[in-house]
Each structure stands twice: as C-alpha cells, then as structure tokens.
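Reader: Hi! Could you walk me through this one?

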Amino acid sequence: MSEKTELIQELEALQKKAELELKEIQDAVSLQNWRAAYLSRSSDVMAFFKRLPEAPKEERPKIGQFANQVKTALEKQFEKKEIMIKQAYLDANLKNERLDVTLPGRKPARGRLHIQTLVLREIYRIFAEMGFQVYRSPDVESDENNFELLNIPAHHPARDLWDTFYTTKPGVIMRTHTSPGQVRAMREFSPEPIRVVLPGMCYRYEQIDASHEIQFNQVELLAVGKNITFGDMKGTLEEFTKRMYGEGVRTRMRPSYFPFVEPGAEMDVECFVCAGKGCSVCGGKGWLEILGCGMVHPTVLRNGGYDPEIYSGFAAGLGPERISMLRYRIDDIRNFWGNDVRFLEQF
Ligand code: FA5
C-alpha cells in the first residue's frame, strides 16, 4: 500500500514539476528539451512504467492507469504550448517583416520613341494631309545620284558645299543630303505626277559644333507634274510651317543657290524667342532659316525622265533637328545623338 502511495506521490510531484517548467517555457528549443525530459522513452515518466513490478500486484493496474493519465495530461499540455509558441513566432515575424503596402512602388523604366522619330512622324502626317507619301532611298549612294544627276559634275565648285564621306569603293559615298532620292523617285514614277517626302540620315565630314553634326536627318519634299509653279511651292511650305509652328507664324523667302533648282530660295521663320526683334538665338537677325527650296532644274527633270518642256516641279530640303531645336529650345544639336537618357526622357 505504501509503495502505491509512494509511487503515486512521486508521479504527482513529477507532474507538478513538469507543469511548472512548461509554464516558463517561451521558445521551441526549450520545449523540445522539455519533451525529451518528460515524454520520451527514456524520460522520468516512462521510467515509472518500468518500476511497476516494485508495487504489489493488485495495485499495479491503478498505478499504471495513473501513470497513463499523467502522460496523456502532459502530452496535451505540450501540444497546447507548441501551438502557442508557433503562433507567437508567427506574430513576431509578421510584426518585424511586415510588408508596407503604403510605400509607393518603383516604376520600371520604360522605353519611348526618340524625339526625332516623333518629330519626323509629325512632319509625315502634315505632308500626308497635303497628299505627299513617304519614299525612302538608301543612305549609301552613288556619286552619280548624290552629285552628277543633280547638276553637280565632278570639280564643280558647288561640291564644296557638301563635305563628303567616301567609302573605299570608288564612286560610292554616304549621301550628303536627301536630294539624290529625287532622281530615284522620278525614275521610278516617270511620267506620272509625283508628290513625295524623302526622309533620312545624311552624313557630312563637318566640324561638329552646337548646330552641326556629322550625321543628321533631312526631309526632302518633291512635287513633279504639269503646271506646277513657284506659287504652289510657297503655298505648300507656308501651310506646312503654319501646321508645324502654329497659325500665327510669319515666314519669308530669300533667293539662294543650289545647282539642282532654278530659281532657288531659302525660307526663314520669324524668331520665336524675340518675335523678330533680334536675340542670341537668331543672331540678332530676327529670322531663323528652316529650309532650302526651289523649282526643280530642267537638267534634273530630264535626268529623272521628265520632259522639262511639259513638266515642272518643286523641291525643298528641311532639317528636322533644327525644327526640334526651335520648338523645344534645344541649344545644342549634339544632344540628339548623344544618347543621354536624361535628355531623351523629356520627350
Ligand atoms: C541641302 O542639303 C539641299 N539638298 C536642300 C535642298 C533640297 C535645296 C531641295 C533645294 C531643293 P543644305 O546643305 O542647306 O541644303 O541643308 C539643308 C538643311 O539640312 C539645313 O537647313 C539644316 O537644317 C540641315 N543641315 C545641314 N547640315 C547640317 C549639319 N551638319 N548638322 C545638322 N543639320 C544640318
């Protein structure tokens, strides 16, 4: 009898001790240690089952039953504690590693169209509304198309106007202007009437400065047909400047010389910055040159397959970089092809 009491008392004491220790436990490692101490095969509680033979035979079932109760009770408390600790761990993590959804997101950098692609498209659109279609010709040209057929034979002093990049192949050059496209278009469409814009990169062996690059765009305009007059050219170009720069823009034409037109002219727009008074942008003149133009020279018409007795035409060449510089007050042409993202992302 005393053995039973003793064993049971020992068990009760052990249970109390285990429960007190469990109460103090706050972390997963200590909890596992506690389990090893009280509930594993080699634990103190399990040791009681081995000690059952010490008790009188008739008491053994009761003691065994009690030991089982203690074991089950401790297991239940263990499970409860385990859930508690896991929850506390989760709460702490949520608190520390919380996602702050109120922070503004980081925008991925998105590409965009180059300012000159946008301006070129606008130029095409304006001329398309007036019935001109885009006609493309190659950047690498023959000397013949770039000069000879445009009434600029070898050794003609006008060749000095264009500082040329030559390739290693004789007679093959980088085009210095888009005018060779005139001959290509005429030879393709003759004897039909023509209304085209010829855009593209041009190349000149120039000293680079704020207004001169060695590569730059040009947009050539060409109209060929019967009874086309200088007045048609003036009207078309004035309409273009109005649509490009606004209704109120003032323009003027000055006589000029290009071997492939007769007569030749240059068109100026009134300076936007000083409204004609004269400032540093227009060099005190009050006017800014935007294009060269003229009536297609009879020799060029003939080279293109049109009889100058029947047909006439006008041509013009404008610099879209210069157009952008005026419109957006860009003071250095080198920005366009310098690929500085800070410049490019403004447009
Ligand atoms: C010509 O190239 C003629 N082919 C234009 C023309 C066409 C006249 C049809 C008559 C009939 P010019 O060399 O002036 O002309 O160049 C025309 C435009 O190209 C200039 O007004 C300018 O806007 C641009 N340009 C010329 N050189 C450069 C350069 N180095 N850098 C940037 N733009 C340039």
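Predicted model: local features only at pLDDT ≥ 70, side-chain atom pairs only at ≥ 80, totals over all residues.

Reader: Great, what's the radius of gyration of the protein?

Author: The protein has 46 Å, while a compact globule of 347 residues would be near 20 Å. That radius is taken over C-alpha atoms, and the globule rule is 2.2 Å times the number of residues to the power 0.38. The C-alpha atoms fill a box of roughly 140 × 50 × 35 Å along the principal axes.

Reader: And which domains does the assignment give?

Author: Domain 1 covers 3-96 and domain 2 covers 115-344; such bounds come from an automatic or database assignment. Their centres, over C-alpha atoms, are separated by 96 Å.

Reader: New topic: at what angle do α2 and α4 pack?

Author: About 170°, with the axes of α2 (residues 28-38) and α4 (residues 60-96) 11 Å apart. That makes α2 roughly antiparallel to α4, a label for angles over 145 degrees. Axes here are lines fitted to C-alpha atoms over the stretch in contact, and angles run from 0 to 180 degrees between N-to-C directions.

Reader: Which residues in α2 meet α4?

Author: A28, L31, Q32, W34, R35 and Y38 in α2 meet L74, F78, K81, E82 and I85 in α4, where contact means heavy atoms within 4.5 Å.

Terms used: Residues numbered from 1 in each chain as written. Heavy atoms only, no water. Helix = DSSP H or I, 4+ residues; strand = E, 2+ residues; numbered from the N terminus. Parallel < 35°, antiparallel > 145°, perpendicular 65-115°, else oblique.
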